[in-house]
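Reader: I have a structure open and would like to go through it with you. Can we start with what sits around the ligand?

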Amino acid sequence: MSSVTVRVPAKVNVQLSVGPLREDGYHDLVNVFHAVSIFDEVVAKESESITVQVTGDWSDQVPTDGSNLAIRAAQALAKHAGRTYGADLVIKKAIPVAGGMAGGSADAAGALVACNELWGLGLPLEDLMEIAGDLGSDVPFSLMGGTAVGTGRGEQLCELPTGGTFHWVFAPADGGLSTANVYAECDRLREESGVEVSWPKLNDSLMEALGTGDVYALGSHLSNDLQVAALNLRPDLAATLDAGRQHGALGAIVSGSGPTCAFLAIDATHARDLAGSLTATGAARTAVAAHGPVQGAILV
Ligand SMILES: C[C@@](CO)(OP(=O)(O)O)[C@H](O)COP(=O)(O)OP(=O)(O)OC[C@H]1O[C@@H](n2ccc(N)nc2=O)[C@H](O)[C@@H]1O
Ligand SMILES: Nc1ncnc2c1ncn2[C@@H]1O[C@H](COP(=O)(O)OP(=O)(O)O)[C@@H](O)[C@H]1O
């Protein structure tokens, strides 16, 4: 095999409940992930060493040194296999960078699947999931896709059945937000308010909405504990969320740690119209219609 291509989806969090800060610097979560049809592509080609090149939207914002998550994933896989391997990785980016849609995690998951194939390792998904969890809290979900609840840091996953396809619009914002900074802002605001942080719990009404495919109920139960922190760091996002609601979005939330705004539409036509209205009115510079759930990292 001289070249392998993998396609990996972005995610939105339909519930993100954040528990107290742990001693290791992470937070216990109830993180309901939903994979959506905005895809990065990772191509792996035979090579002596592990390198990365990034093309497509947002490519200028992605590091190409050893800090690139796809390089770290390939290195971790080679280490797991106990041998020195090489791969030239080419990432075609469509997922916003530092946007709260797990773009870096998607590329790491893509590199794991691509290199597993390129190097003929034949490792089962369970092994890849374990390596993925060490790379980042969101990487296991990027491998798995669909809709799933993540507990612990978000890396312990349980698949959730959904009763249909949901249609979304995503409005990436100019500039990104650091995930660590958004969690830190969330902690700061909580400390300031003096309210005791409760243990995160799965929202049963949200589960029912996902299971029955009830888009109206889903819209009314979307929640994100990081949203207040993200809006504090990026107050301009409030106007974007409001504009979406005014244009008939059934729900409008910041995606994960942001700053991408996510809008739930009634159907595919409404999603297209909503995306058009958001850009035509200047509420968003770009707006992309997408659907979910979709599969995780797959060979194409
Ligand atoms: C917020 C979420 C929601 O899915 O994703 P994004 O919206 O950024 O994509 C995730 O929790 C992000 O996951 P990921 O981006 O993989 O984060 P990691 O690399 O594991 O951690 C980056 C930093 O985020 C904070 N962090 C992350 C996960 C977690 N459960 N608690 C945390 O406090 C920590 O400060 C950590 O050092
Ligand atoms: N392959 C990659 N794609 C995107 N970002 C990457 C990648 N590798 C490392 N990064 C870095 O990770 C940070 C988080 O990016 P990303 O995963 O896109 O955001 P988020 O955690 O908000 O979903 C960025 O600031 C970027 O510099």
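Author: By class, the shell around ligand 1 has twelve polar, six nonpolar and two charged residues. Nonpolar here means Ala, Val, Leu, Ile, Met, Phe, Trp, Tyr, Cys and Pro; charged means Asp, Glu, Lys and Arg; the others, Gly among them, count as polar. This is a predicted model, where local features need pLDDT of at least 70, side-chain atom pairs count only at pLDDT 80 or more, and totals for chains, interfaces and linings use all residues. Residues are numbered from 1 along each chain as its sequence is written, and chains are lettered from A and ligands numbered from 1 in the order in which they are written.

Reader: Which residues are the closest to ligand 1?

Author: Gly 136, Ser 137, Asp 138, Gly 256 and Ser 257 are the closest of the 20 that surround ligand 1. A residue is near a molecule if its C-beta atom, placed from the backbone, lies within 6 Å of it. The elements giving two or more residues to this shell are β1 (3-21), β2 (27-46) and α5 (179-193). Helices (H or I, at least four residues) and strands (E, at least two) are DSSP runs, numbered from the N terminus.

Reader: Why does ligand 1 lie between the two domains?

Author: Because domain 1 (3-160) and domain 2 (166-291) both give residues to its shell. The bounds come from an automatic or database domain assignment.

Reader: Which residues does UniProt list for "active site"?

Author: The unreviewed UniProt entry lists Lys 11 and Asp 138. UniProt positions are in the numbering used here, feature names are shortened, and annotations may be inferred rather than shown by experiment. The two are spread over 128 residues of sequence, yet they cluster in space, with a largest C-alpha distance of 9.3 Å.

Reader: Is Lys 11 buried or exposed?

Author: Lys 11 is buried, with 30 other C-beta atoms within 10 Å. The cut-offs are 20 or more other C-beta atoms within 10 Å for buried, 12 or fewer for exposed, and partly exposed in between, with C-beta atoms placed from the backbone. Lys 11 is in strand β1.

Reader: And where does Asp 138 lie?

Author: Asp 138 lies in the loop between α3 (125-135) and α4 (139-144). Asp 138 counts as buried too, with 27 C-beta neighbours inside 10 Å.

Reader: Changing topic: how many helices and strands does the protein have?

Author: The protein has ten helices and twelve strands. Buried residues make up 52% of its 300 residues.
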